[in-house]
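The paragraphs after them are meant to be read with the structure open beside you.

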Amino acid sequence: MKVTDLSCTMINWKSAPWNTGTGSFGGNRLLGIVKVSTDEGIEGHAFLGSSRQGADAYVGPMIEFVKPFLVGRNPLDIGAIWEKLWKMNRNVSTNAIGAVDVALWDIAGKVAGLPIHRLLGTCRDSVPAYASSGLLPSPKAYGEEALHFKDLGWPAYKIHPAAIPKDDIEICKAVREAVGDDMILMLDSMWSYCYEDAVRVGRAIEELDYYWYEDPLVEEDLYNYIKLRNKLDIPIMSVEYAPGRLYGMAQWVTQQATDILRGDVAVTGGITPLIK
């Protein structure tokens, strides 16, 4: 089997703006549908772009650099292909590399007649889900939204706060008071704090029995993440946008800078690096 083409179909994607304390998402974007075609008629697909950044930011280099390399290759040589694609990351976004990698895994699943999770080694048949807030006008509004999701049957709620430490603590208190002790709560501070404020907020949500504390510091601040993890008992979740992506994550493990290491196929470069 050989790859015969790599293409990307762009579609208009309009979604309601979703605001957080550190920026906004949504609006008018171009979503890309990446397609890898083969000489046996099997096609692999993946999405490119998000509500934060449309596919138009990524597709040009993908077609210019990735397509000439990919055409003629066996699409099932996923590991070997990814190693070459990664070396293009100075010219091609890891988002585009990830989309191509996912499309190749899609082909592998179709060849095997199995969902991708079976190829990877299935370990569960269900995954718990949580509702996630945007930026709301007051602590009371957060509490009301969390209670609304609880009444709908959602088991957990994650807060994206105002990115002002004192206000964020009040938001977290209001939500816990609104939903009681039997709903799982998480805080995603979206890299908003300095070390001292991260400690203060972390200690406050520990007392409120929050489940995890996500991205309180910028991803580059490994030194203070190590200090913060040693200071707090609440599990720390990071780093969705690790500098260096796959190869930047190793130091987070070896230096024990986080309790939960977050991966994202659309950001980190696909399924293959997350397996690694």
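What follows is a walk through helix packing, salt bridges, a few contacts and some backbone details.

This is a predicted model, in which local features need pLDDT of at least 70 and side-chain atom pairs count only at pLDDT 80 or more, while totals for chains, interfaces and linings use all residues. Residues are numbered from 1 along each chain as its sequence is written, and side-chain values use heavy atoms, with hydrogens and water left out.

A UniProt record, an unreviewed entry, carries the annotation "domain: Mandelate racemase/muconate lactonizing enzyme C-terminal" for residues 139-235; such annotations may be inferred rather than shown by experiment, and their positions are given in the numbering used here, with feature names shortened. Over residues 139-235 the chain is 54% helix and 12% strand, with the end C-alpha atoms 23 Å apart. Helices and strands here are DSSP runs numbered from the N terminus, a helix being H or I with at least four residues and a strand being E with at least two.

Helix 6 (residues 165-179) and helix 7 (residues 195-207) pack at an angle of about 10 degrees, and their axes are 10 Å apart. Helix 6 is therefore roughly parallel to helix 7. Axes are lines fitted to C-alpha atoms, for helices over the stretch in contact, and angles run from 0 to 180 degrees between N-to-C directions; angles under 35 degrees count as roughly parallel, over 145 as roughly antiparallel, 65 to 115 as roughly perpendicular and the rest as oblique. Pro-165, Ile-169 and Cys-172 of helix 6 make the contact with Asp-197, Arg-200, Val-201, Ala-204 and Ile-205 of helix 7, where contact means heavy atoms within 4.5 Å. Sorted by class, this contact of helix 6 with helix 7 has six nonpolar, no polar and two charged residues; Ala, Val, Leu, Ile, Met, Phe, Trp, Tyr, Cys and Pro count as nonpolar, Asp, Glu, Lys and Arg as charged, and the others, Gly among them, as polar.

The axes of helix 2 (residues 78-86) and helix 3 come within 11 Å and cross at roughly 170 degrees, and the two helices are therefore roughly antiparallel to each other. Here Ile-78, Ile-81, Trp-82, Leu-85 and Trp-86 of helix 2 meet Thr-94, Ile-97, Val-100, Asp-101, Leu-104, Trp-105 and Ala-108 of helix 3. The residues of this contact of helix 2 with helix 3 divide into 10 nonpolar, one polar and one charged. Thr-94 is buried at 10% relative accessibility, where buried means under 20% relative accessible area, exposed means over 50% and partly exposed lies in between (1.4 Å probe, protein chains only). Not counting residues up to four places away in sequence, Thr-94 touches Trp-86, Arg-245, Ala-266, Val-267, Thr-268 and Gly-269.

How many salt bridges does a search of the whole structure find? The search finds 12, a salt bridge being a side-chain nitrogen of Lys or Arg within 4 Å of a carboxyl oxygen of Asp or Glu. One of them joins Asp-5 and Lys-67, whose closest N and O atoms are 3.0 Å apart. Because Asp-5 lies in strand 1 (residues 3-20) and Lys-67 in helix 1 (residues 59-70), the pair ties together parts that are 62 residues apart in sequence. Another salt bridge joins Asp-188 and Lys-158 (3.5 Å, N to O); Asp-188 is buried at 5% relative accessibility, and Lys-158 is buried at 3%. These two residues also belong to a network of salt bridges that links Lys-158, Asp-188, Glu-214, Glu-240 and Arg-262. In helix 7, Arg-200 and Asp-197 form a salt bridge (3.1 Å, N to O), and the two residues are separated by about one helical turn because they are three residues apart.

Finally, consider the backbone. Most residues other than glycine have a negative phi, and most peptide bonds are trans. The peptide bond from Ser-238 to Val-239, however, is cis, with omega near -5 degrees. Trp-191, in the loop between strand 6 and helix 7, has a positive phi near 50 degrees, and Asp-209 has a positive phi of about 60 degrees although it is not a glycine. Asp-209 is exposed at 56% relative accessibility, whereas Trp-191 is partly exposed at 25%.
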